[in-house]
Amino acid sequence: MKGEIYTETVIHSAPEAFVSEVPYQLVIVTLEDGHRVTGRILGGRVSIGDAVTLVEERNGVPFFTR
Amino acid sequence: MRSVAVIGIGKTPFGAFPDRDLRSLAVESAEKCLKNGHVSPNQVDAFYLGNFAGPSFVGQSHLAPYISTALGIMDVPSTRFEDACASSGAAFAQAFMAVASGAQDVVLVTGVEKMTSQATPRVAEILAMAGDTRDEGKAGATFPALFALIARRHMYQYGTTREHLAAVAVKNHANGAKNPDAHMKKVITMDQALAGKPISDPLTVYDCSLVSDGAASVLIAPLERAAEFTNKPVQVMGLAQTSDHVALDQKDDITTFRAVSTAAAKAYKMAGVTAADIQFAEVHDCFTIAEILAIEDLGFVKKGEGGFYSLAGNTCLRAEKPINTSGGLKSKGHPVGATGVAQICDVVLQIRGEAGERQVTRNQIGLAQNLGGSGATCVVTILGAAA
């Protein structure tokens, strides 16, 4: 599934369960059908407007890559 | 509906108080408030409590009677309201309706939160419960991250800059330094604000409000009875509470808080005023970007221009329409459940002319805007000097 980055942030200060992963990038992606989902990025950082592809879901969280 | 007046206010200082428990903070603010309103506990018809996460922060539920009985208030309805950071705004809205409808006469509303007894990662986890824990929390979202997502999009759409955000922090710290009850009475410079430790890009530690302990209380009564209690009654001219999606990805446009604009429109209509008539406001600056959205969504400035307007000094203490003369959540502190009522106390102080060094001269009509979560709840209250 493809989509476009609607907005993004790199998190430096995380909740207990995510402390080992910082810094990590959180995104909202507008999918091709117009729906938006909150997810994460694998690989290099992305910016608003970048085209991304869904790679996998982990624990119900969509992971995208450029 | 009957007209309603604020007849008493009381607050604890906001800060980190390791020796104080939740109940003692709530009781201190309420006792100050009862004294301020010349009301005895047996005259109180109901107790409405705003508290976000007492069960998680301090391990205590059933908080309203736990507090009201300690005040000597017995045999009346005593209930806790929870709407995230708008918990005490929501409690105030319900209390207002109880008095306006004629169901109750003298109602005490208290907001309280005791946050600093938990370590930062646990505080982040508890606060994240005000977002969507399934779709946002599981992805690793924090509360600063949700507002960072909003800030990035606002920057992209409207050209808002890091300097615009920093200007909000610098101004609120300057005001808070004049507030004896503020958590962080410290002036900061633009350079300091820009060089803050990154929390969630583009937000730094200086863009985030404080994790605080504190409580605030107000007493309300029918306007026709206000003179029994105070010679400085302040009328609730307009009040509205509205709601929106909890998760950001469900909103059409995250650069606007729909709940803020809808609550403002209803409150303005009820008060018979427009945004231009508001002379000063306490807005919910949980993050600097939230103050920029607030002044836009309240109609003080056009959408997209809030950052430019702030950097130009239009929200400062001596500007025409000062914003957050208390120092806001940024400097005054943000014990989340206390914030909504604390904002109302700060507006009442200004209208009474009791705001000391931070007193504004155009003080007849003020507004308080209390936001829950990343915009799923908003309570807008318009207060004015009673004729």
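Biologist: Which residues of H4(B) are buried?
Modeller: This is a predicted model, so every value here is computed. Buried means under 20% relative accessible area. Twelve of the 15 residues of H4(B) pass, so the helix is largely enclosed by the rest of the structure. They are Ser87(B), Ser88(B), Gly89(B), Ala90(B), Ala91(B), Phe92(B), Ala93(B), Ala95(B), Phe96(B), Ala98(B), Val99(B) and Ala100(B).

Biologist: What are the end C-alpha atoms of H4(B) apart, and what should the helix span?
Modeller: H4 of chain B covers residues 87-101. At 1.5 Å a residue, its 15 residues should span 21 Å. The model agrees, with the end C-alpha atoms apart by 21 Å.

Biologist: Which residue just after H4(B) takes a positive phi?
Modeller: Look just past the end of the helix. Phi there is about 95 degrees. The residue is Gly102(B).

Biologist: Turn to H1(B). Which of its residues are buried?
Modeller: H1 of chain B runs over residues 22-36 and reaches 21 Å from its first C-alpha to its last, close to the 21 Å expected. An α-helix has 3.6 residues a turn, so residues three or four places apart point the same way. The buried residues are Leu22(B), Leu25(B), Ala26(B), Val27(B), Ser29(B), Ala30(B), Cys33(B) and Leu34(B).

Biologist: What covers the buried residues of H1(B)?
Modeller: The cover comprises both helices and strands of chain B. The helices include H2 (54-58) and H3 (63-68). The strands include E1 (4-11), E4 (107-114) and E7 (213-222).

Biologist: Which residue with a positive phi follows H1(B)?
Modeller: Most residues other than glycine have a negative phi. Here phi is positive, near 50 degrees. The residue is His38(B).

Biologist: His62(B) is next. Is it buried or exposed?
Modeller: His62(B) is in the loop between H2 and H3 of chain B. Its phi is near 55 degrees, a positive value in a residue other than glycine. The cut-off for exposed is over 50%. At 63% relative accessibility, His62(B) counts as exposed.

Biologist: What radius of gyration does chain B have?
Modeller: Chain B comes to 13 helices and eleven strands. Its C-alpha trace spans about 55 × 45 × 35 Å along the principal axes. A compact globule with 387 residues would have a radius near 21 Å. Chain B agrees with that, at 19 Å.

Biologist: In chain B, what share of contacts between residues at least 6 apart in sequence joins residues at least 24 apart?
Modeller: Of the 387 residues of chain B, 63% count as buried. Contact means heavy atoms within 4.5 Å. Among the contacts in question, the share that joins residues at least 24 apart is 79%.

Biologist: And chain A? What radius of gyration does it have?
Modeller: Chain A has zero helices and five strands. The globule rule gives 11 Å for 66 residues, and chain A is close to that, so it is as compact as a globular protein of that length. Its radius of gyration is 11 Å.

Biologist: In chain A, what share of contacts between residues at least 6 apart in sequence joins residues at least 24 apart?
Modeller: The elements of chain A run β-β-β-β-β from the N terminus on. Of its 66 residues, 47% count as buried. The share of those contacts that joins residues at least 24 apart is 32%.

Biologist: Last one. Is Asn59(A) buried or exposed?
Modeller: Asn59(A) is in the loop between E4 and strand E5 (61-65) of chain A. Its phi is positive, near 55 degrees. At 62% relative accessibility, Asn59(A) counts as exposed.

Methods:
Residues numbered from 1 in each chain as written. Chains lettered and ligands numbered in written order. Predicted model: local features only at pLDDT ≥ 70, side-chain atom pairs only at ≥ 80, totals over all residues. Heavy atoms only, no water. Helix = DSSP H or I, 4+ residues; strand = E, 2+ residues; numbered from the N terminus. Expected span 1.5 Å × (residues − 1). Buried < 20%, exposed > 50% of the residue type's maximum accessible area, 1.4 Å probe, protein only. Rg over C-alpha atoms; globule rule 2.2 N^0.38 Å.
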